[in-house]
Amino acid sequence: MSARFHTGESMRTLAQRERLLLGALDEVIPSLSWSRDEHHAYQESKLRTLLQHAFDNVSLYKSKLTAASFHPEDFRTLDDLPCIPFLTKDDLRNTPLDDLVSAGHRVNARLIASSGSTGVPSRLFRDEASLWHFTARNTALYHDWCDEKPIADVMYFVDMAQDSIDYALADLLRTTVMQNRIVSVHDSVESQLEKLDEFTPEFISSYPSTMRNLAIALHRRGEKCEELRLLHLTSETLDDRTRHLIESVFVNARLIETYTCSEAGLIAFECTKDKRLHIAEDGVIVEIIEGEIVVTDLTNWSTPVIRYRGLGDRCHWESSSCPCGSPLRSIRQLEGRVADTIARQDGTMISPLVVTNALDEVAGVYQYQIVQPEAGRFEIAVVRDELSGRDEATVSDEIARVIERALAEPTTTRVNFVAAIYPKMGAHKIPLVISHAKGST
């Protein structure tokens with residue numbers, strides 16, 4: 001692999017990485033058995049310290065907190081969270097870099113940019129300790145997914161863009177994974193398939209979009225992958241169509257999801273006993289405000305992320321207790337991740353799931369992307385499953401019908417059949433819904 005790995009200013013030796021991973025695990029493992037009260041007390045204490053640090057060392061926060069007439073000493077309990085101003089995506093896009101980074105945490109700080117799949121990338125600095133916490137938390141999750149018998153035959157398909165968080169994590173990952181088992185998602189599907197054939201892994205960690213592309217290629221060949229036992233998917237929403245396609249090709253694989261982002265690391269992870277996502281409350285504080293996720297990262301001191309309202313993800317709390325007995329709060333399906341809200345012709349805005357769930361019922365489609373130029377009009381790119389026996393006219397007519405039925409209003413829909421749907425240059429995420437229509441909330 002041609003990519004150069006580094007953490008901060010210098011590459012870590014294997015021995016150094018092993019010590020840092022073990023140190024991070026020593027911090028993470030005790031938190032796995034914390035009670036709800038212990039998580040609550042930890043979050044309050046950590047945020048109190050982080051607020052003071054941000055005010056004293058990060059120009060952006062000194063300005064925001066002062067403008068809001070809020071001083072770190074005003075924070076006493078988590079009930080005071082609403083008094084703290086939101087951090088926005090524009091803050092991370094437009095603030096000069098010197099005003100984003102902590103004066104005392106420049107050493108081994110790494111500049112990270114989001115994929116920009118929903119617009120202009122946001123950027124921030126992450127310190128090495130936060131990356132090790134992320135790695136250690138994922139290592140602990142992997143151990144649990146494997147029922148404490150980790151799989152040795154593994155493979156990772158990751159974003160190797162040099163400003164991505166995955167590129168930053170790749171060097172840390174090499175502590176336990178051989179470099180030739182880490183493959184760039186920007187490689188061609190043919191190259192990725194060659195690696196898959198070469199290693200026949202039992203465990204893969206990647207993104208839904210990457211695994212969908214591999215599944216499409218294998219399905220067109222009439223092949224199935226029976227060796228894969230466990231598939232970890234992250235960073236993107238796993239829509240029902242993609243899930244069914246992946247399960248039809250990787251027939252013996254159990255699918256596990258985590259909810260992560262560049263700005264805050266690991267936010268939530270799928271329970272092994274119930275289809276819900278537990279909040280990783282030893283590393284983040286999550287609020288749901290008007291249905292939208294607001295996150296505070298408790299691990300990163302280089303650019304503190306406090307009450308970040310830039311993810312654009314919507315969900316609801318799961319009120320019932322989990323069968324697994326975890327004290328961690330949980331959420332169900334994310335709504336709108338990498339998907340814009342749909343505008344109706346009366347000016348109201350609705351969840352994109354109203355349309356995507358309808359389209360998931362249309363047979364003969366591998367993949368689609370919905371673009372709404374204006375209310376009442378849709379342009380949909382479709383990668384058709386030629387093996388389904390359904391022709392373009394049949395698929396196109398059904399798509400138009402289900403959209404009109406889902407919205408309960410007349411619509412104009414144009415379907416364009418394409419060989420593949422590509423992400424923006426330099427990104428790996430493909431937004432499921434892109435809306436340019438304006439409405440009211």
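Start with Asp159: in this predicted model, and setting aside residues within four places in sequence, Asp159 is in contact with Ser164, Asp166, Tyr167, Val185, His186, Tyr207 and His428. You will find Asp159 in the loop that runs between β3 (154-158) and α7 (165-173). Its relative accessible area is 5%, so Asp159 counts as buried. If you follow the side chain of Asp159, you will see that it reaches the backbone nitrogen of Ala161 at 3.0 Å.

Now let's turn to the cysteines. A disulfide is a covalent bond between the sulfur atoms of two cysteines. This structure holds 0 disulfides. Take Cys146, which is in no disulfide: the nearest cysteine sulfur belongs to Cys271 and lies 16 Å away. A pair of cysteine sulfur atoms has to be within 2.5 Å to count as a disulfide. Cys146 is buried, because its relative accessible area of 9% falls under the 20% cut-off. Cys225 is in no disulfide either, and for Cys225 the nearest cysteine sulfur is that of Cys146, 16 Å away. With a relative accessible area of 10%, Cys225 is buried too.

Our last stop is Gln345, which sits in the loop between β14 (342-343) and β15 (349-350). Is Gln345 buried or partly exposed? Its relative accessibility is 46%, so Gln345 counts as partly exposed. Beyond residues up to four places away in sequence, Gln345 touches Ala375, Gly376, Glu409 and Pro410. Have a look at Glu374 as well: Gln345 and Glu374 are 29 residues apart in sequence, while their C-alpha atoms are 8.8 Å apart in space.

Key: Residues numbered from 1 in each chain as written. Predicted model: local features only at pLDDT ≥ 70, side-chain atom pairs only at ≥ 80, totals over all residues. Heavy atoms only, no water. Helix = DSSP H or I, 4+ residues; strand = E, 2+ residues; numbered from the N terminus. Buried < 20%, exposed > 50% of the residue type's maximum accessible area, 1.4 Å probe, protein only. Contact = heavy atoms within 4.5 Å. Polar contact = N/O pair within 3.5 Å; in protein donor to acceptor, adjacent residues only side chain to side chain.
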